[in-house]
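Hello,

Here is the structure you asked for. Please open it alongside this email, and my notes follow below.

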Amino acid sequence: MQVSMAKAFSAFRMILKPVLTRFPLLRQVDANMISGLGLVFTPIAYMLLSERAIAASIIAIFLILLLDALDGIVARAKGQTSSEDGWMVDVSVDRISEAV
């Protein structure tokens, strides 16, 4: 059974949405800060992979993907979806992470 990426991401969003209600601190954090945190973990994941620490690198990569999904959820929850700066930060961080 093949699951489309859109369905998987939609399910992932449904899982993460309650996180905003349980952790009010996330409402105080800017979505761009979450994107930046994902960018910090990118070289860490690369270093772990180069050291052949496979399990740790998988965890780091999962954390990067989690932060990428979370920044969009926080932006939508705070009504920051029309910001071109936020869009540029998100896309730039995504491309840098993919390149590394």
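Ser35 counts as buried, because its relative accessibility is 4% and buried means under 20%. Keep in mind that this is a predicted model.

Where does Ser35 sit? Its place is in helix α3, which covers residues 31-50. Now look at what surrounds Ser35. Leaving aside residues up to four places away in sequence, Ser35 touches Asp71, Val89, Asp90 and Val93. One of these neighbours, Asp71, also makes a polar contact with Ser35. That contact joins the two side chains at 2.4 Å.

Next, Tyr46. Helix α3 holds this residue too. Is Tyr46 buried, partly exposed or exposed? Tyr46 is partly exposed, because its relative accessibility is 48% and exposed means over 50%. Tyr46 and Ser97 are 51 residues apart in sequence. In space, their C-alpha atoms are 9.5 Å apart.

Last, Ala56. This residue is in helix α4, residues 54-77. Ala56 has 32% relative accessibility, so it counts as partly exposed. How far is Ala56 from Ile44? Along the sequence, twelve residues separate Ala56 and Ile44. From C-alpha to C-alpha, the distance is 9.7 Å.

To recap, Ser35 is buried, whereas Tyr46 is partly exposed and Ala56 is partly exposed.

Best wishes

Notes: Residues numbered from 1 in each chain as written. Predicted model: local features only at pLDDT ≥ 70, side-chain atom pairs only at ≥ 80, totals over all residues. Heavy atoms only, no water. Helix = DSSP H or I, 4+ residues; strand = E, 2+ residues; numbered from the N terminus. Buried < 20%, exposed > 50% of the residue type's maximum accessible area, 1.4 Å probe, protein only. Polar contact = N/O pair within 3.5 Å; in protein donor to acceptor, adjacent residues only side chain to side chain. Contact = heavy atoms within 4.5 Å.
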